[in-house]
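Please examine the sequence and the three-dimensional structure shown below.

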Amino acid sequence: VDDATPLALVDGRTARLAGRSDHVGRRPVLVGALLFLICGALVLVATIIGWNGTADSPDLVIAIPGLAFSFDLTGNVDFAISAGMTVACTTLTFALILFARLEFVRWILAIVGALVTAYYIYAIIDILSTDGGGEVIAMPLVSWLLWLGATVLAILPATGRAMRRRQQPSG
């Protein structure tokens, strides 16, 4: 939009009448979808790597959602693998659907993101409370930051506005 675009007073605010690009308003949705895709892919990779409970990369495997509860519930990594695959597939599916700007998808991802973010807070505290936990804290911390960022972006009012499609003038 250049300075020559006419202005109008709408609801007490100045707005451009023409030349507003629709793609600028979609950025929060696109960034949010990309963040959720990254989160889902990270969980999927960590879950696949830790599939059998023995991995060459414990730093990545420790970032599987549900691992902090797994040994208490099943005595092995089965619960974490199930939880990780569920989180990854749900997130990846709905993140792809989010590109279509469906409002309910944003809230599904926000709920999943809030649950996973809360889990990572618990997991980080649990890891740091064990001896030598600081050595493997990097991936859970990175995962928590990614999930937190995606979740906050999903619930921002700007994202809600970006979800609404521009109405074409009838006539």
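**From the surface to the core**

Leu141, Leu145, Leu148, Val152 and Leu156 make a nonpolar surface patch of about 370 Å². Such a patch consists of residues with over 30% relative accessible area and no salt bridge, in which nonpolar side chains (Val, Leu, Ile, Met, Phe, Trp, Tyr) are joined within 5 Å and like charges within 9 Å. Accessible areas come from the Shrake-Rupley method with a 1.4 Å probe, and for residues only the protein chains shown count as cover. Val152 lies in helix α7 (residues 138–155). Its relative accessibility is 40%, and therefore Val152 counts as partly exposed; buried means under 20% relative accessible area, exposed over 50%, and partly exposed in between (1.4 Å probe, protein chains only).

This is a predicted model, in which local features need pLDDT of at least 70 and side-chain atom pairs count only at pLDDT 80 or more, while totals for chains, interfaces and linings use all residues. Residues are numbered from 1 along each chain as its sequence is written, and side-chain values use heavy atoms, leaving out hydrogens and water.

The protein has eight helices and two strands, and from the N terminus the order is β-β-α-α-α-α-α-α-α-α. Helices (H or I, at least four residues) and strands (E, at least two) are DSSP runs, numbered from the N terminus. Of the 171 residues, 35% are buried. The protein exposes about 10000 Å², of which carbon and sulfur atoms supply 65%.

Which residues have the most contacts inside the largest nonpolar core? They are Phe36, Leu98, Tyr120 and Trp147, in a core of 33 residues. A nonpolar core is a set of buried Ala, Val, Leu, Ile, Met, Phe, Trp, Tyr and Cys residues joined through side-chain atoms within 4.5 Å. The elements giving two or more residues to this core include α2 (27–49), α5 (78–98) and α8 (157–163). Helix α6 gives the largest share, eight residues. In soluble globular proteins, nonpolar side chains tend to be buried together.

Apart from neighbours within four places in sequence, Tyr120 is in contact (heavy atoms within 4.5 Å) with residues including Val43, Pro65, Trp144 and Trp147.

The structure also holds one salt bridge, defined as a side-chain nitrogen of Lys or Arg within 4 Å of a carboxyl oxygen of Asp or Glu. The side chains of Arg106 and Glu103 form it, at 2.8 Å from N to O. Because Arg106 and Glu103 are three residues apart in helix α6 (residues 103–128), about one helical turn separates them. Arg106 counts as buried at 7% relative accessibility, whereas Glu103, at 33%, counts as partly exposed.
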